[in-house]
Amino acid sequence: MIFSFRFKGMTNIDDNYGFACSKDFQDFYEEYKTVLAKRQGRWETNILNDDKAKSEKILKRFVRKGIPPEIRKEYWLKISGAEDQQKEHPNGYSTWKQEEKDSKLQIEVDKDLERTYPENKYFRNGNQEEFLGKLKNVLLVLGHRNPDIGYCQGFNFVAANLLLTVGDEEKVYWLMQCLIDKILPKDYYAKDMLALQVEQQVLSTLVLKKMPKIGKHLQRFDINYALFSTKWFICLFCDVLPIETANRVFDCLFNEGNKILVRVGLALVKLLGPDLLKADSFPDVISQFKKVEDDKRSLNCHEFMIAVFKDSGSLSKKDLEKLRLECLKTVGGS
Amino acid sequence: MAAGPYNYSYIFKYIIIGDMGVGKSCLLHQFTEKKFMADCPHTIGVEFGTRIIEVAGQKIKLQIWDTAGQERFRAVTRSYYRGAAGALMVYDITRRTTYNHLSSWLTDARNLTNPNTVIFLIGNKSDLDAQRDVTYDEAKQFAEENGLMFLECSAKTGENVEDAFLDTAKKIYKNIQDGSLDLNAAESGVQHKPSNGPRGANLGGESSGNKDPCSC
Ligand SMILES: Nc1nc2c(ncn2[C@@H]2O[C@H](COP(=O)(O)OP(=O)(O)OP(=O)(O)O)[C@@H](O)[C@H]2O)c(=O)[nH]1
Ligand SMILES: [Mg+2]
């Protein structure tokens, strides 16, 4: 058996991002529309039409409850700092796009283009030229401008999610560049994958501390966290969580920074906890982790995000940095 | 998988390695599901599949690790080489670069597994004979020089896929029978389970076949 749930239970109605969506999502979306309308109103009154500068704290609270889709792309560019970076290089993107690219980079990008969301209508069915073309440009410029990273498998999903949300390829490039330069932990996508392993070690430490029962269960079966969380962290939860939920994570990532990553990881482990505890063999545990990709509970992005902040309790930036340093010692030695 | 009597007497661990896009995940899928998954997403990190087969009247459960092909992921996938009884090393017959990289995959496989690990070379996408970039004969020669078993397969049509996985198991089984593979050695990649036996100490789930307290 192999575990893949990508196409299960889908209907033909799409979710505005071009993915066919499940009955579960439609049911949820009916409810969520009310939430969205309310949030939109609250944003208009308190943030958009109010000239007073907003404290970080207020903004944080608003962003955690979701940036309204209508203003999401402008907001991402603004709060992340991507817009400022873009202003410093007004003709950068178009120039770099023309420049000759490394041949290995081109081969790697090409291999993954056709494997990006084949089930999404924008990447197939006659639209693919436009969308795959934009995706290719973004990935090539990104690899070209960050030669020590090049192309990392998984970037295609991050870029695709951002493209489906933001539309403009140049803006997507800057959002990703900004993630690399400013938002993610240093050297997050370095070829030695050390920072990734640190993040996984941090997750495992926090699971043991905050959910000892689940942590010990995973230990009992000798489950290496790399097994299930590599894709989570590399793809920033794109192609792991449904796109609307992944976008809610991006809201916080762009606004608050990389602390959100391990918090989302914790929430996923917690969400799967009851099923994990029931699993009593190694393959069984692994198959439970695969379920996350098609789970009702992660479709409900609103409740999921509430859980993200509740489950991990308080986690200060300082404590996290300290923990990362400790974990670096553990993984760096090997 | 419910606990209880085991309906197989051995577990063999396999890994599948090779460059990105050569068809590792499709081979695994073809073997476990008997279907071609054309729209297979690339593997980020490691994936996992199982199937029970029969060799010489013995039921054997294969635990197969499918690894990411991109070089940088080796930092993460390396730990899966340890304790593999079989390694399927895959290249794409239509892309010579994937063949040229075999020596580096082989070095990794040799360094990170045990001396008895059976390494099976697979030239995948044999259905695309018209686009062939690597001849059968040169790959066959490479395999012989390096003591590897070899077949050309197609994850698309299923040609030879079954054979590649089964021949590897037969060879491992033979190594057990003639004593060249010591089941008690740490990281042999094989677990023996008395069929219908009670859950014993060594059967604490199929977790870590080789959970050796000092293998750190
Ligand atoms: N014609 C043909 N195409 C194949 C065959 N096997 C795989 N493919 C195609 O090759 C591409 C890559 O297959 P995967 O199985 O994802 O390759 P992989 O080796 O797992 O790639 P990574 O996960 O990136 O390392 C897919 O588009 C498949 O449809 C085959 O036997 N014949
Ligand atoms: Mg794969």
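This is a predicted model: local features need pLDDT of at least 70, side-chain atom pairs count only at pLDDT 80 or more; totals for chains, interfaces and linings use all residues.
Visitor: Which residues come nearest to ligand 1?

Guide: There are 20 residues around ligand 1 to pick from. The largest share of that shell, three residues, comes from helix 1 (residues 24-33) of chain B. As for the ones that come nearest, they are Gly23(B), Lys24(B), Ser25(B), Thr43(B) and Gly69(B).

Visitor: Let's turn to the two chains. Which helix gives the largest share of the side of chain A that touches chain B?

Guide: The contact takes 29 residues from chain A and 28 residues from chain B. On the chain A side, the elements that give two or more residues are helix 6 (103-113), helix 12 (225-234) and helix 15 (282-290). The largest share, five residues, comes from helix 12 of chain A.

Visitor: And how many residues on that side of chain A are charged?

Guide: Go through the side of chain A that touches chain B class by class. It has 13 nonpolar residues and five polar ones. The charged residues there number 11.

Visitor: Now for packing inside chain A. Are helix 10 and helix 18 of chain A roughly parallel or roughly perpendicular?

Guide: The axes of helix 10 (residues 194-210) and helix 18 (residues 317-332) of chain A come within 8 Å and cross at roughly 115°. Angles of 65 to 115 degrees count as roughly perpendicular. So helix 10 and helix 18 of chain A are roughly perpendicular.

Visitor: Is the crossing of helix 10 and helix 18 of chain A left-handed or right-handed?

Guide: Helix 10 of chain A brings residues including Leu194(A), Gln197(A) and Val198(A) to this contact, and helix 18 of chain A brings residues including Leu323(A), Arg324(A) and Cys327(A). By class, the contact has seven nonpolar, five polar and one charged. As helix 10 of chain A passes helix 18 of chain A, the crossing is right-handed.

Visitor: What about helix 11 and helix 14 of chain A: is their crossing left-handed or right-handed?

Guide: Helix 11 (residues 212-220) and helix 14 (residues 259-278) of chain A pack at about 60°, with their axes 10 Å apart. That angle makes helix 11 of chain A oblique to helix 14 of chain A. The crossing of helix 11 and helix 14 of chain A is left-handed.

Visitor: Which residues of helix 14 of chain A does helix 11 of chain A meet?

Guide: From helix 11 of chain A, look for Lys213(A), Ile214(A) and His217(A). Their partners in helix 14 of chain A are Val269(A), Gly273(A), Leu276(A) and Leu277(A).

Notes: Residues are numbered from 1 along each chain as its sequence is written. Chains are lettered from A and ligands numbered from 1 in the order in which they are written. Two residues are in contact if their C-beta atoms, placed from the backbone, lie within 7 Å. Helices (H or I, at least four residues) and strands (E, at least two) are DSSP runs, numbered from the N terminus. Ala, Val, Leu, Ile, Met, Phe, Trp, Tyr, Cys and Pro count as nonpolar, Asp, Glu, Lys and Arg as charged, and the others, Gly among them, as polar. A residue is near a molecule or strand if its C-beta atom, placed from the backbone, lies within 6 Å of it. Axes are lines fitted to C-alpha atoms, for helices over the stretch in contact, and angles run from 0 to 180 degrees between N-to-C directions. Angles under 35 degrees count as roughly parallel, over 145 as roughly antiparallel, 65 to 115 as roughly perpendicular and the rest as oblique. A crossing is left-handed if the near helix is turned anticlockwise from the far one by less than a right angle, and right-handed if clockwise.
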